[in-house]
Amino acid sequence: MKTQIVYVLVSSEKDVFLEELWISVYSLRQYHPEATVNVVADSSTAKRIERNHELRSLISNVIIGNPPEHYTPKEKSRELKTSIRELVKGDFLYIDTDTVICATLDGIDQCEHDVAGVPDSNALLKDHAFQASMVSSVSSIFGTDVSNHDYLINGGVIYAKDNAVAHELFQRWNKNWRYSCFEKGNSQDQPALWQSDHEMGTVIKCIPDIYNSQVAMSLQYFAEAAIVHFLHMGFIPDQNYSPYLSLKIYRDLKEAGSITKEIQEQIIHCKATFTPMTMPVGRDQLLFLFNPAGKALVQIYKEGGAASWLMIKLAGWLEKLHQYTRKE
């Protein structure tokens, strides 16, 4: 593989982001021992990487960025991520740390686009379950309407050439992210990415969805995925059906301090690590489960007791009432 890989890491002993990186890079090396792997980090994180000899042996270069010291860890990470085009020379494929590489990435070498990625949730905007909130986020921060876009790119995997178009996009992304974070109170990087792409006339093109299969939101490309992106969505209270989504594999690695045989098996066979009673849900179920009412009802049902009993009884009465009124 000729295209270099780039990760961004800001981490401390309090989190498992370093372990996320470790697993992702380990999985990458199973297919690309020859690839150039760069990790962009702040100075304290760079020291942590250097002390971890097993992880450091998998990385080609640690590039130290200098985000402002008063930034929070999340803000430092976003500052570095939106600045990587200025910190790394040559064409690159940026990959989020919460990923597992499951096949060769050689096809990226043939990418002819200036900047490219995969649609968020592997869906066109018109089909996206959360289209309204995505469009609203850009509108509320920047006053821009992106509802007519065919898609909005997920920031977890981004290909970028070392040319003027890519440099301008990342410069705008960094500027727009700072405005979003410090003027509007939204530290997420994706609305700023979508705004930047809009400003430049949608220069971010698509690479095949197998390079960013966002399994928590779509199973369409999971079977053939070259990169599985285990999005960590904190608003889902119980994700114990997956050691990646629940973070268990990262906590296990943190405790072991090394890639054990068990962890290695979970990396190599990551697509088979879901528990037996894990099943897909459709759009309607997804929208219900993710809204406040759905989450509350799931929690009440799970905890049991009088409230759960009453809820089930009430649901039965409502169903009968609904059937009766439909007959009329």
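This is a predicted model: local features need pLDDT of at least 70, side-chain atom pairs count only at pLDDT 80 or more; totals for chains, interfaces and linings use all residues.
1. Helix α7 spans residues 164-182 and holds 19 residues. From its first C-alpha to its last, α7 reaches 27 Å, close to the 27 Å expected at 1.5 Å a residue.

2. The N-terminal end of α7 is capped by N163. A side-chain oxygen of N163 lies 3.3 Å from the backbone nitrogen of V165.

3. Which residues of α7 are buried? They are A166, L169, F170, W173, N174, N176, W177, S180 and C181. On spacing along a helix: an α-helix has 3.6 residues a turn, so residues three or four places apart point the same way.

4. Helix α11 (residues 283-290) packs against helix α12 (residues 292-303) at an angle of about 80°, and their axes are 4 Å apart. Because angles of 65 to 115 degrees count as roughly perpendicular, α11 is roughly perpendicular to α12.

5. On the α11 side, the contact between these two helices is made by F288, L289 and F290. On the α12 side, P292, G294, K295, L297 and V298 take part. By class, the contact of α11 with α12 has six nonpolar residues, one polar and one charged.

6. S121 sits in the loop between β6 (115-119) and α6 (131-142). Is S121 buried or exposed? S121 has a relative accessible area of 9%, and since buried means under 20%, S121 is buried.

7. Which residues does S121 contact, leaving aside its neighbours within four places in sequence? With those neighbours set aside, S121 is in contact with H128, Q214, M217 and S218.

Key. Residues are numbered from 1 along each chain as its sequence is written. Side-chain values use heavy atoms; hydrogens and water are left out. Axes are lines fitted to C-alpha atoms, for helices over the stretch in contact, and angles run from 0 to 180 degrees between N-to-C directions. Angles under 35 degrees count as roughly parallel, over 145 as roughly antiparallel, 65 to 115 as roughly perpendicular and the rest as oblique. Contact means heavy atoms within 4.5 Å. Ala, Val, Leu, Ile, Met, Phe, Trp, Tyr, Cys and Pro count as nonpolar, Asp, Glu, Lys and Arg as charged, and the others, Gly among them, as polar. Buried means under 20% relative accessible area, exposed over 50%, partly exposed in between (1.4 Å probe, protein chains only). The expected span of a helix is 1.5 Å times one less than its number of residues. A polar contact is a pair of N or O atoms within 3.5 Å; within protein, one must be able to donate a hydrogen and the other to accept it, and residues adjacent in sequence count only if both atoms are side-chain atoms.
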